[in-house]
Amino acid sequence: MSKRSKVALVLAGGGVAGVAYHIGAVRALDTLLANTTVNDFDLYVGTSAGALVCAALAAGMSSHELFERAAFALHEGGELGPGKLFSPNLRSFVQRGRRFGSLMVSRVAHYVRHPSRFSPVDLAWDLLEGLPSGFYQSPRLARFFEQALLERKVSRFVDLQRELYIIATILDTGERAVFGLPPLDHVPIAQAIAASAAVPLVFQPVEIDGVAYIDGGLRGPASLDIAIERGAGLIICINPLVPLDNSRGTFGRPLSQAGPQAIGGQSFRTLFYAGLHYQLKQLRRRYPDVDILVIEPDRDDISVFEDPILRFGSRCALMQHACESVSSNIAAHYERYHALLERHGLVLDQPALRRQSSSQEAARVVRLRTVLADLEQALDGF
């Protein structure tokens with residue numbers, strides 16, 4: 001058995017869908033580790049969606065509790081349901097809306113005087129100035145996590161027993177901000193989470209000590225370098241966003257024929273995935289003694305691809321799917337995972353792997369029987 005290395009859990013961004021995938025993946029990992037739990041890792045680095053889950057784990061919330069609590073909070077009407085998390089930024093709409101009318105008159109008058117300069121794209125761009133800086137408020141997200149952390153008598157980074165680092169982007173400079181490191185280690189964790197998850201234009205920027213912050217994912221999907229700088233020998237990185245491999249017709253038709261949602265989703269996932277894997281390539285070359293284990297969906301996992309990152313409809317199903325698919329992947333590649341983890345003092349629980357595989361196979365049989373029964377019933381109607 002190798003000596004235990006310093007282990008870091010690094011969670012990338014990914015919107016509401018990313019939160020669900022992270023929770024399911026962490027739950028699977030926790031179940032399959034024999035000699036430790038995900039709460040016993042040495043440090044946590046979270047970006048955007050990953051910041052929420054990292055903060056909960058660093059504060060001592062077990063993966064089981066996190067799974068159950070998220071399932072309740074994310075359902076319709078729950079504490080983080082769409083009607084509560086996506087609270088319209090009404091004050092900003094009113095304030096900015098007062099300018100919209102005068103802005104419209106001004107631009108129309110300009111184009112009347114100079115008709116040769118008229119461009120629909122330019123007009124639309126100019127009118128955007130009359131919209132608020134974010135369609136939804138951020139404080140609700142901060143308040144929810146503030147309450148969840150206070151239940152564990154945690155509000156600031158100094159209250160934690162483990163290292164936690166939350167990544168955001170400074171709006172006015174485009175630079176990366178690392179909450180948990182000086183000079184930002186004094187910021188309440190809930191505010192840091194809200195800043196890291198402030199998706200541009202969706203949520204208004206989060207202002208802390210006179211500085212505006214937006215989504216940390218703009219500086220890169222995951223800040224793996226922070227974990228290396230803090231001495232991690234093993235980094236477990238979970239990335240929920242991968243582009244779909246549709247070369248075998250997994251989607252049922254070419255993505256070019258599937259409309260703007262599929263094209264936009266594929267484009268965003270491609271940028272995200274390429275950025276992360278380019279960073280991985282550089283870090284593995286620069287730090288060959290550090291092992292980086294990446295857990296992410298299979299490229300042909302259509303159920304993950306079809307879930308828009310900000311949609312609430314199937315969060316609980318996605319958490320369960322992530323848990324099952326990650327467990328299956330680890331079981332299928334047991335020797336590789338076992339060898340890598342053992343080098344750093346971690347052990348996979350083989351009986352748990354077998355139980356997980358058996359239960360998933362039983363669930364698949366039940367689902368197949370249900371489908372066949374429904375088909376038989378439908379055919380009887382003809």
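Which residues in α10 are buried?

**Figure 1. Overview of the predicted model, with its helices and strands.** The protein contains 14 helices and ten strands, and buried residues account for 48% of its 382 residues. When contacts between residues at least 6 apart in sequence are considered, 76% of them join residues that are at least 24 apart. The protein exposes about 19,100 Å², of which carbon and sulfur atoms supply 55%.

**Figure 2. Helix α10 and the elements that cover its buried residues.** Helix α10 runs over residues 260-286 and has 27 residues; from its first C-alpha to its last it reaches 39 Å, which is close to the 39 Å expected at 1.5 Å a residue. The buried residues in this helix are A262, Q266, R269, F272, L276, Q279, L280 and L283. An α-helix has 3.6 residues a turn, so residues three or four places apart point the same way.

Figure 3. Leaving aside residues up to four places away in sequence, S48 touches G13, I167, S196, A197 and D215. With D215, the side chain of S48 makes a polar contact, side chain to side chain, at 3.2 Å.

**Figure 4. Helix α2, a mostly covered element, and the glycine just after it.** In α2, ten of its ten residues are buried, namely A49, G50, A51, L52, V53, C54, A55, A56, L57 and A58. Just after α2 comes G60, which takes a positive phi of about 105°.

**Figure 5. A nonpolar surface patch made by M104, V108 and V112.** The patch formed by M104, V108 and V112 has an area of about 240 Å². M104 lies in helix α5, which spans residues 90-113, and V108 also lies in helix α5. M104 counts as partly exposed because its relative accessibility is 30%, and V108, at 39% relative accessibility, likewise counts as partly exposed. V108 can also be viewed together with L123, from which it is 15 residues apart in sequence and 8.4 Å apart in space, C-alpha to C-alpha.

**Figure 6. The salt bridge between D42 and R4.** The structure holds eight salt bridges, and in one of them the side chains of D42 and R4 meet at 3.9 Å, N to O. This pair links distant parts of the chain, with D42 in the loop between α1 (15-32) and β2 and R4 in the segment before β1 (7-11), 38 residues apart. At 23% relative accessibility D42 counts as partly exposed, and R4 is also partly exposed, with a relative accessibility of 35%.

**Figure 7. The salt bridge between K6 and E163, and the network to which both belong.** The side chains of K6 and E163 meet in a salt bridge at 3.0 Å, N to O. Here too the pair links distant parts of the chain, since K6 is in the segment before β1 while E163 is in strand β4 (residues 163-170), 157 residues apart. K6 is partly exposed, its relative accessible area being 28%. K6 and E163 are joined by R230 in a network of salt bridges.

**Figure 8. The salt bridge between D40 and R162.** The side chains of D40 and R162 meet in a salt bridge at 3.8 Å, N to O. D40 lies in the loop between α1 and β2, whereas R162 lies in the loop between α7 (139-150) and β4, so this pair ties together parts that are 122 residues apart in sequence. D40 counts as partly exposed at 31% relative accessibility, and R162 counts as partly exposed at 29%.

Key: Residues numbered from 1 in each chain as written. Predicted model: local features only at pLDDT ≥ 70, side-chain atom pairs only at ≥ 80, totals over all residues. Heavy atoms only, no water. Helix = DSSP H or I, 4+ residues; strand = E, 2+ residues; numbered from the N terminus. Expected span 1.5 Å × (residues − 1). Buried < 20%, exposed > 50% of the residue type's maximum accessible area, 1.4 Å probe, protein only. Contact = heavy atoms within 4.5 Å. Polar contact = N/O pair within 3.5 Å; in protein donor to acceptor, adjacent residues only side chain to side chain. Patch = residues over 30% accessible without salt bridge, like charges linked within 9 Å, V, L, I, M, F, W, Y side chains within 5 Å. Areas by Shrake-Rupley, 256 points an atom, 1.4 Å probe, with all protein chains shown as cover. Salt bridge = Lys/Arg side-chain N within 4 Å of Asp/Glu carboxyl O.
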